[in-house]
Amino acid sequence: MTMYLGAFRATLRRTGNCAFSTGTRVLLAGRPKIYTKTGDKGTSALFTGERRPKDDVVFDALGTNDELSSSIGLAREFCLDQGEGLNGMIGQLEQIQCLLQDIGSNIATPRDSATAPRLARTEFDSDGQHVQDLETWIDTMDQELPPLTSFILPSGGKAAAALHIARSVSRRTERRVVPLAQEQRVDKSVAVYLNRLSDYLFTCGRYAAMKAGRQEAVYKKPRAPRVKKNSSIATASEEE
Ligand SMILES: Nc1ncnc2c1ncn2[C@@H]1O[C@H](COP(=O)(O)OP(=O)(O)OP(=O)(O)O)[C@@H](O)[C@H]1O
């Protein structure tokens, strides 16, 4: 990790860029190895330099946010394969992955202990514009979609199903972030963004299924088995 976060962070500090890379190795040609081995003893560093055990709630949130970006990356690849009618969504998903890097910076800079300049550099969506963008994108897709009349099961092609996985990872990330936001250790806007992001990804899943010309599977109540007189079990349909 030598060139990964140590020097990378120093470069970011110099340039004022607040991106905080988690899990994604940044390797520059001719530079030292990407690993520092500083994390081998089970602790790692926050953006403030403070070291904490790797099972700390902050790393849990940071790691889940990283999983979210990875799952969006996979969904985006399936969207690229599907192609037809998904160009807008593909661009939006890439923008969202960049914003998740910023969310990582926010999570890794505890709001209750970081210095004022660091807090300012890692502030997230202070004017609510990123949430507004998600809402606009949701509303635009919704205008083309048939109204929801049943519970949708994740389905409708590989792109749609992958978007539903990303949606559920977004909800998991939200669950990790909400307690931190309630304790004012992460900006509240991060929790709001993750909440809206799962709605956006749900809508994307439906939209991708529609563009693929695929029917989404819907919830049907499974029929309860009935006990026959001779005590063997049969489903209701077998008895009809
Ligand atoms: N297991 C983890 N889950 C979530 N976030 C982590 C984890 N380990 C490290 N991080 C965060 O991601 C950043 C980059 O990870 P990295 O693997 O470089 O850290 P490290 O394990 O401390 O270092 P090294 O891999 O060089 O020993 C760390 O600075 C830390 O903020």
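## Helix α3 and its buried residues

In helix α3, the buried residues are M89, L93, I96, L100, D102, I103, G104, S105, N106 and I107. This is a predicted model, and in it the buried residues of α3 pack against α2 (57-82) and against α7. The length of α3 is in agreement with expectation, because its 21 residues should span 30 Å at 1.5 Å a residue and its end C-alpha atoms are 30 Å apart.

## The packing of α3 with α7

Two packed helices are described by the angle between their axes and by the distance between those axes. For helix α3 (residues 87-107) and helix α7 (residues 188-211), the axes come within 12 Å and cross at roughly 160°. Since angles over 145 degrees count as roughly antiparallel, α3 and α7 are therefore roughly antiparallel to each other. The crossing of these two helices, α3 and α7, is left-handed.

On the α3 side the contact is made by M89, I96, I103 and N106, which meet V190, Y193, L197, C204 and Y207 of α7. The residues of this contact of α3 with α7 divide into eight nonpolar, one polar and no charged.

## Helix α7 and what follows it

Helix α7 has 24 residues, and the distance from its first C-alpha to its last reaches 35 Å, close to the 34 Å expected at 1.5 Å a residue. This helix is mostly covered, with 18 of its 24 residues buried. After α7 comes G213, whose phi is positive, near 70°.

Q215 has its place in the loop between α7 and β3 (225-227), and it counts as exposed because it has 10 C-beta neighbours inside 10 Å. Between Q215 and D133 there are 82 residues in sequence, while their C-alpha atoms are 28 Å apart in space.

## The packing of α2 with α6

Helix α2 and helix α6 (residues 158-182) pack at an angle of about 165°, with their axes 8 Å apart. The two helices α2 and α6 are therefore roughly antiparallel to each other, and α2 passes α6 in a left-handed crossing. In the contact of α2 with α6, the residues divide into 17 nonpolar, six polar and five charged.

Most residues other than glycine have a negative phi. K37 is a residue other than glycine with a positive phi, near 70°, and it is found in the loop between α1 (2-15) and β1 (43-45). K37 is exposed, because 9 other C-beta atoms lie within 10 Å.

Q184, although it is not a glycine, has a positive phi of about 60°, and its location is the loop between α6 and α7. Q184 is exposed as well, with 11 other C-beta atoms within 10 Å.

## The chain as a whole

The secondary structure of the chain comes to eight helices and four strands, and from the N terminus on these elements run α-β-β-α-α-α-α-α-α-β-β-α. Buried residues make up 34% of the 240 residues in the chain. Among the contacts between residues at least 6 apart in sequence, 72% join residues at least 24 apart.

Terms used. Residues are numbered from 1 along each chain as its sequence is written. This is a predicted model: local features need pLDDT of at least 70, side-chain atom pairs count only at pLDDT 80 or more; totals for chains, interfaces and linings use all residues. Axes are lines fitted to C-alpha atoms, for helices over the stretch in contact, and angles run from 0 to 180 degrees between N-to-C directions. Angles under 35 degrees count as roughly parallel, over 145 as roughly antiparallel, 65 to 115 as roughly perpendicular and the rest as oblique. A crossing is left-handed if the near helix is turned anticlockwise from the far one by less than a right angle, and right-handed if clockwise. Two residues are in contact if their C-beta atoms, placed from the backbone, lie within 7 Å. Ala, Val, Leu, Ile, Met, Phe, Trp, Tyr, Cys and Pro count as nonpolar, Asp, Glu, Lys and Arg as charged, and the others, Gly among them, as polar. The expected span of a helix is 1.5 Å times one less than its number of residues. A residue is buried if 20 or more other C-beta atoms lie within 10 Å of its own, exposed if 12 or fewer, and partly exposed in between; C-beta atoms are placed from the backbone.
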